[in-house]
Amino acid sequence: MSSDEYNECNPVSGWDLHCHTVFSDGTKTPAELVDLAYANGLHGVAITDHDTTAGWNDAVKVSRTRHFPLLRGSEVTAQDGHVSVHMLAYQYDPENEGIVDLFRSTREARIDRARRMVSRLSKDFPITWDDVMSQTKKGGETTVGRPHMADALVAAGFYRTRSEAFAGAISSSSKYYIPTPSPSALQVVQVVRQAGGVSVVAHPGDYSRNRILLSNEQIGALADAGLGGLEVWHRGNGTEERERLLGLARELGLLVTGGSDWHGDGKPNRLGENLTADDVVAQIVERGAILLVS
Ligand code: AMP
Ligand code: ZN
Ligand code: FE
Ligand code: FE
């Protein structure tokens, strides 16, 4: 199959390259992720918790036991001007100083931001910081975010589900919302490249996350800095956006990936609902600094 062909359509078999676990805001463990990917007949899976590598070792253990292939990655919080950007990063050296520093500062910024949001929320909803922290399944190892605030509001009886809270008080358009101070997307591309990894813009066509998306020029500038790919196959990207992104990928020589953005029971997204072709994964592995686990 030529690279053009596999880039043109959403693959029917392959890998899920976008999955969250209890080490960030997913509800299942890395072991459960690998087991479910195996049971569902995927060719392999990537663990991509927000701004951390803390779940990697647990995922590696099960991947080796099952002889089921695993890519190691993260979803890195970033911004480009006023656009909130998520960058998937794969197969980088987890001990690289630039990466370690980047994750440390974002995780600290996330806690400070979450505390400030909880203090705003607590004026109308009697929840405390401890209520939010008690929703994290790995304590200090968990990357804290709005989902944990949403879960605390559910536990206190204000909403029925996490998604309902995201449509209400937790929404980015609510008066309680505060963005996470983040590194620039350009900085993330550079750090991931220096750490020997491959970076991919996550859900670049998702209008539910941003009123304004990254422009062709912004994506072009990231490509010039060493961006590896675009996550085209994601439920948040509309049809027109997929066309635009495929065109850009062709023009700029970027990989086309797909993933479910699985959060266990925290989101309706089903594991494997969007996939990445085997050939694309092979290129990520070839470019990456660490070995494929299998
Ligand atoms: P934050 O990064 O703290 O602003 O929180 C936003 C994150 O919440 C995004 O990465 C979403 O993927 C995640 N999230 C988890 N569950 C949900 C949900 N049910 N609805 C919307 N976003 C969710
Ligand atoms: Zn998430
Ligand atoms: Fe995301
Ligand atoms: Fe995600």
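Helices (H or I, at least four residues) and strands (E, at least two) are DSSP runs, numbered from the N terminus. The buried positions in H3 are Trp56, Ala59, Val60, Val62 and Ser63, where buried denotes under 20% relative accessible area, exposed over 50% and partly exposed in between (1.4 Å probe, protein chains only). Just after H3, histidine 67 adopts a positive phi of about 50 degrees.

The model is predicted: local features need pLDDT of at least 70, side-chain atom pairs count only at pLDDT 80 or more, and totals for chains, interfaces and linings use all residues. Residues are numbered from 1 along each chain as its sequence is written, chains are lettered from A and ligands numbered from 1 in the order in which they are written, and side-chain values use heavy atoms, with hydrogens and water left out.

## Packing of H2 on H3

The axes of helix H2 (residues 30-39) and helix H3 (residues 56-66) come within 7 Å and cross at roughly 35 degrees. Axes are lines fitted to C-alpha atoms, for helices over the stretch in contact, and angles run from 0 to 180 degrees between N-to-C directions. On the H2 side the contact is made by Pro30, Ala31, Val34, Asp35 and Tyr38, and on the H3 side by Asp58, Ala59, Val62, Ser63 and Arg66; contact means heavy atoms within 4.5 Å.

By class, the residues of this contact comprise 6 nonpolar, 1 polar and 3 charged. Here Ala, Val, Leu, Ile, Met, Phe, Trp, Tyr, Cys and Pro count as nonpolar, Asp, Glu, Lys and Arg as charged, and the others, Gly among them, as polar.

## The iron site

Donors are N, O and S atoms within 2.8 Å of the metal (3.2 Å for Na, K and Ca); water is not among the atoms, so sites may look incomplete. The iron ion (ligand 3) and the zinc ion (ligand 2) are separated by 5.7 Å.

Glutamate 75 belongs to strand E3 (residues 70-80), whereas histidine 203 is in the loop between strand E5 (198-201) and helix H9 (216-224), so the pair ties together parts that are 128 residues apart in sequence. Glutamate 75 is buried, at a relative accessible area of 1%, and histidine 203 is buried as well, at 5%.

## Buried loop residues

Serine 24 is located in the loop between strand E1 (15-16) and H2, and is buried with a relative accessible area of 1%. The side chain of serine 24 reaches the backbone nitrogen of histidine 50 at 3.4 Å. When neighbours within four places in sequence are left aside, serine 24 is in contact with Asp49, His50, Thr142, Thr143 and His148.

Aspartate 51 has a positive phi of about 55 degrees although it is not a glycine. This aspartate 51 lies in the loop between E2 and H3 and counts as buried at 0% relative accessibility. Glutamine 91, in the loop between strand E4 (83-90) and H4, has a phi near 60 degrees, a positive value in a residue other than glycine. Glutamine 91 is buried, with a relative accessible area of 0%.

## Helix H6

In helix H6 (residues 146-155), 8 of the 10 residues are buried, so the helix is largely enclosed by the rest of the structure. These are Arg146, Pro147, His148, Met149, Ala150, Asp151, Ala152 and Leu153. They pack against helix H4 (97-121), helix H5 (129-133) and helix H7 (162-167). Just after H6, glycine 157 takes a positive phi of about 90 degrees.

## Helix H10

Leucine 245 lies in helix H10 and is buried at 0% relative accessibility. Leucine 245 and proline 204 are 41 residues apart in sequence, with a C-alpha to C-alpha distance of 8.1 Å. Not counting residues up to four places away in sequence, leucine 245 touches Pro204, Gly205, Ile219, Leu230, Val232 and Asn237.

Arginine 242 is likewise part of helix H10 (residues 239-252). With neighbours within four places in sequence left aside, arginine 242 is in contact with Asn10, Val232, Trp233, His234, Arg235 and Asn237.

Definitions and conventions. A polar contact is a pair of N or O atoms within 3.5 Å; within protein, one must be able to donate a hydrogen and the other to accept it, and residues adjacent in sequence count only if both atoms are side-chain atoms.
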